[in-house]
Amino acid sequence: METVPKPGSRVPPKKDKLQGKKKKPRRYWEEETTPTAAEASPGPPRKRKRNRELRPQKPKNTHSTKKSRISKKPQVPKKPRERRSPGPQRSLSGAQDPFAGPAPVPVEVVQKFCRIDKSKKLPRSETKIRSQLEAAEAQEEEISVKAARSELLLAEEPGFLEGEDGEDTAKICQADIVEAVDIASAAKHFDLNLRQFGPYRLNYSRTGRHLAFGGRRGHVAALDWVTKKLMCEINVMEAVRDIRFLHSEALLAVAQNCWLHIYDNQGIELHCIRRCDRITRLEFLPFHFLLATASETGFLTYLDVSVGKIVAALNARAGRLDVMTQNPYNGVIQLGHSNGTVSLWSPAMKEPLAKILCHRGGVRAVAVDSTGTHMATSGLDHQLKIFDLRGTFQPLSARTLPQGAGHLAFSQRGLLAAGMGDVVNIWAGQGKASPPSLEQPYLTHRLSGHVHGLQFCPFEDVLGVGHSGGITSMLVPGAAEPNFDGLESNPYRSRKQRQEWEVKALLEKVPAELICLDPRALAEVDVISLEQEKKERLERLGYDPDTKPPFQPKPKRKGRSSTASLVKRKRKVMDEEHRDRVRQSLEQQLQKQEKAKPVGARPSALDRFVR
Amino acid sequence: MKVKMLSRNPDSYVRETKLDLQRVPRNYDPTLHPFEVPREYVRALNATKLERVFAKPFLASLDGHRDGVSCLAKHPKSLATVLSGACDGEASVTLNVRIWNLTKRKCIHMIQAHEGFVRGICTRFCGTSFFTVGDDKTVKQWKMDGPGYGEEEEPLHTILGKTVYTGIDHHWKEAVFATCGQQVDIWDEQRSSPICSMTWGFDSISSVKFNPIETFLLGSCASDRNIVLYDMRQATPLKKVILDMRTNTICWNPMEAFIFTAANEDYNLYTFDMRALDTPVMVHMDHVSAVLDVDYSPTGKDFVSASFDKSIRIFPVDKSRSREVYHTKRMQHVICVKWTSDSKYIMCGSDEMNIRLWKANASEKLGVLTSREKAATDYNQRLKEKFQHHPHIKRISRHRHLPKSIYSQIQEQRVMKEARRRKELNRIKHSKPGSVQRVSEKKKRVVAVVK
């Protein structure tokens, strides 16, 4: 019965029995001890192992396998032997893969990429559509695992600042940090002394490469701040209220005393937009190509910069507007008002989407973080509050500051900076999605003048502060997202790449009507809208257009249409309809009675008195 | 104090020389890609618009026949070869069977096969010869390659019949073919008399088709409104279904053995499951005149139909409405249509003597695609699917220009249909409840099933 083992056959089926007698052929470089060690290893017996190898394991259902692929806890490094024991897989050469199967992914990372809300139930629908929806959900889940696995490939690590035992990081001054970090990073800290042209507003371009600033006395400049190469410097001979880069660093919008002007990176005036007058604040929505302007006259105006049209001009009816910010998650503009409310606006609606009462006294500054979950506000009541923007609009934490914050800014990783007089405070939270804790500041810095503008530089650990003494570039370790996406905003892009990106971005310009509180609503099944639409139309029109008009008999030809017969015919139809209605109501009554009747209860003699 | 600042080395993000590709690091973090859904929606909208812009399905017109093209046949082995027969009524003056090369768009071979109509043409499964039947009561077998130099064009075999043959189809695996006329005859290629002939009723049979999977099954349709199914292994027909109006042709689904589609005179196509003939699986309606021919794509998911209303339409098997309509100003009543074996093209032969070649997917780019192009089309296709139910996208993707004659007829028939529906409703309303039953559109057309 013994067969000669063929060279090609991998596992001869009878070999288990023979193992006691016959020695396995060994290579000369293998040590003597290896087979015995393998025998002694705490894994399952060989026979069972082989069975498992031979049988292709079929998952019972896809969901369970997917869950099993996601490890529930952050990975604790295991000993290599333990890891090897559960499922050793052998390759043709006999070598074992110590890390068999796909790499485990921590569940929090998968959560970050998960696009479906599991708490929401699928709508009631046909089985076919339902199965399609379920399949789509399963696919989304798989994709989120894959995306989470690609996280391993990211090259850069975020920065950090840690004090030694008991040392407060807020006590660490900029000079210490500059001294401690490498030369390239130290060069990112600089001060521009521009006392002459008064308090400055500043803006970083979306790639974080360029900086534009404008002083109250008309000084406007743009530069590549990393290489310190000046692009343009002009004096517009007029007060500059705000300054903002448009979609790329080539265009620059400046809110001047009278009108809104647009300059290119040479400092040449391209447009003067007289329909936007006395602007106080500017915001640019890069995916919609909309420039939102808030004016002294109380108007919020949306200007489409790709075609040069005004999309919407909304009257906020709250007096002078000088506090404005955008929610980068959904493109909603948030205005702070002097009565302590913050209102949320989209160009599609004449009325605000929501109004939040934040402070007793006017709102001085508003900022929203990059995930769109938290909003920080500060008011004349010297309070700094953090709100949850996901549905409830409830304050999460609040703190009274001695001076009150005049300017607020969120960084990409969720750090909150506040400018109070000539001091800048920065608070940090636990992670990217958590709100900053307001107990202990992370960093503080005193400037040479009063703060007038604040912005974190995207993709660099730098906070730009415009103040009455010029511009200060502060180092804030851990502020920025370390890994940029090359197709979205690439600080190192070439001219050609920028041009290509511009074309692509213009092609997929999101229409202004799509701005709403939940940007994912477009991909969801719209269940209620049909009923709601009908209700709204009814309210608007005051009558239901779908109801049948009352029956009007057609006149018959050749004089046979006497008034009497017309009335008779009308009567007939009316009676018929009446009968229908009575019949229906009777049926309904019957059904109700049957429902009301207790099942299986014996009829009682007293039932006749029940009404 | 421990501090680390974000400090990138530009060398790892910028290409070294101008000859390198640009480096594009990716990060799929959702916060770096805001407005994911609205941007995808805009992309889907753009893709849908581009699809309509690039929808240019017409490829070529093959002219040369001196009369209307009556039948077409595909070559089983060569994608570029197609055979066509014409209805040349004039006696033996013109040549009425042609073999075409589609890549060169030229006629490579012409035969004067019959006197009068060529009623049917079919190729042998090996592609070496083909059969024709004509109005002159003959069945002829021809060599595919044509005669050698100096030889005269002669058929390999000629069978003289007693009656006119109206259609022919060859078995998919064996040397057997079937003709139809007064009866369905099954012939061995080597014999001059049929192996068996089957009749059921007395009317003339217009077409016969072998099932490509269950190769011994046949289907035929006759002018007494019925579709008859036969099994070659037994001497009598299997069963028949009688419809409201006459069926012109049937075509078997090449992937599902028991499904076939019938092109009917009442402007509709009916997809039947041969196991349950009493209700059609699907009624396909969009044509505004009699449907003359139908052919399945090799994938079995779509079929194309040719109609007397001067258009051809492509239907998905499981949808009752067509997804595409092709027409040109010069195309007259379309008599025959074929879907090529690579499922990329459609050929149709029409009354005005031309054979037209169309793309099966109107906006598809022909030729070799680069991998980036392919990825882009795949991505766009997926986006279009994802957002297909959004009203704006749906409107654009559904829009087709129709000639005025078809457009006005559609309107007219809509009014007629609405009137019929209203009448039915009124009838139900004014009669005793339960005495008048509403009959579904599927059941309405089937008169009877006989076994």
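This section describes the fold, nonpolar cores, salt bridges and selected residues of a predicted model.

Chain A contains twelve helices and 31 strands. Its accessible surface amounts to about 37,100 Å², and carbon and sulfur atoms account for 54% of that area. Of its 611 residues, 40% are classed as buried. When contacts in chain A between residues at least 6 apart in sequence are considered, 47% of them join residues at least 24 apart.

In soluble globular proteins, nonpolar side chains tend to be buried together. The largest nonpolar core in the model comprises 37 residues, and the members that touch the most others are A:Phe213, A:Val424, A:Ile426, A:Phe456, A:Leu463 and A:Val476. Two or more residues of this core come from each of the chain A elements β5 (200–204), β6 (210–215), β7 (219–224), β27 (423–427), β29 (451–456), β30 (462–467) and β31 (470–475). Another core, apart from this one, has 30 residues, including A:Leu290, A:Ala312, A:Leu321 and A:Ile515. Within the largest core, A:Val424 is one of the residues that touch the most other members. With neighbours up to four places away in sequence set aside, the contacts of A:Val424 are A:Ala418, A:Leu443, A:Thr444, A:His445, A:Leu447, A:Val451, A:Leu454, A:Leu463, A:Val465 and A:Met474.

A:Val525 is placed in the loop between α10 and α11 of chain A, and its relative accessibility of 48% makes it partly exposed. The loop between α10 (495–507) and α11 (529–541) of chain A also holds A:Glu524. A:Glu524 is likewise partly exposed, at 38% relative accessible area. Residues up to four places away in sequence excluded, A:Glu524 touches A:Lys120 and A:Asp518.

Side chains of opposite charge can pair when their charged atoms come close. Over all chains, the search of the whole structure returned 47 salt bridges. One of them joins the side chains of A:Arg201 and A:Asp242, with an N to O distance of 3.3 Å. A:Arg201 belongs to strand β5 of chain A and A:Asp242 to strand β9 (residues 240–245) of chain A, so this pair ties together parts 41 residues apart in sequence. A:Arg201 is buried at 9% relative accessible area, and A:Asp242 is buried at 0% relative accessibility. Elsewhere in chain A, a network of salt bridges links A:Arg241, A:Arg278, A:Glu296, A:Arg320 and A:Asp322.

In chain B, the side chains of B:Arg233 and B:Asp231 form a salt bridge at 3.0 Å, N to O. B:Arg233 is exposed, with 58% relative accessible area, whereas B:Asp231 is buried, with 8%. A salt bridge also connects the side chains of B:Arg246 and B:Glu265, at 3.9 Å from N to O. B:Arg246 lies in the loop between β18 (237–243) and β19 (247–252) of chain B, and B:Glu265 in the loop between β20 (259–264) and β21 (268–273) of chain B; the pair therefore ties together parts 19 residues apart in sequence. Both residues are partly exposed, B:Arg246 at 29% relative accessibility and B:Glu265 at 24%.

Strand β13 (residues 184–188) of chain B has four of its five residues buried, so it is largely enclosed by the rest of the structure. Strand β12 (residues 176–180) of chain B pairs with β13(B) in the antiparallel sense over five bridges. The two strands, β12(B) and β13(B), are joined by a hairpin of three residues, and B:Ala178 stands opposite B:Ile186 of β13(B). β13(B) also pairs with strand β14 (residues 196–198) of chain B, in the antiparallel sense and over three bridges. In this pairing, B:Ser197 of β14(B) is the bridge partner of B:Asp185.

Helix α2 (residues 371–386) of chain B includes B:Lys384. B:Lys384 is buried, with a relative accessibility of 15%. Beyond its neighbours within four places in sequence, B:Lys384 contacts B:Ala44, B:Ala47, B:Thr48 and B:Glu51.

Technical notes
Residues are numbered from 1 along each chain as its sequence is written. Chains are lettered from A and ligands numbered from 1 in the order in which they are written. This is a predicted model: local features need pLDDT of at least 70, side-chain atom pairs count only at pLDDT 80 or more; totals for chains, interfaces and linings use all residues. Side-chain values use heavy atoms; hydrogens and water are left out. Buried means under 20% relative accessible area, exposed over 50%, partly exposed in between (1.4 Å probe, protein chains only). Two strands pair if DSSP finds at least two bridges between them. Contact means heavy atoms within 4.5 Å. Accessible areas come from the Shrake-Rupley method with a 1.4 Å probe; for residues, only the protein chains shown count as cover. A nonpolar core is a set of buried Ala, Val, Leu, Ile, Met, Phe, Trp, Tyr and Cys residues joined through side-chain atoms within 4.5 Å. A salt bridge is a side-chain nitrogen of Lys or Arg within 4 Å of a carboxyl oxygen of Asp or Glu.
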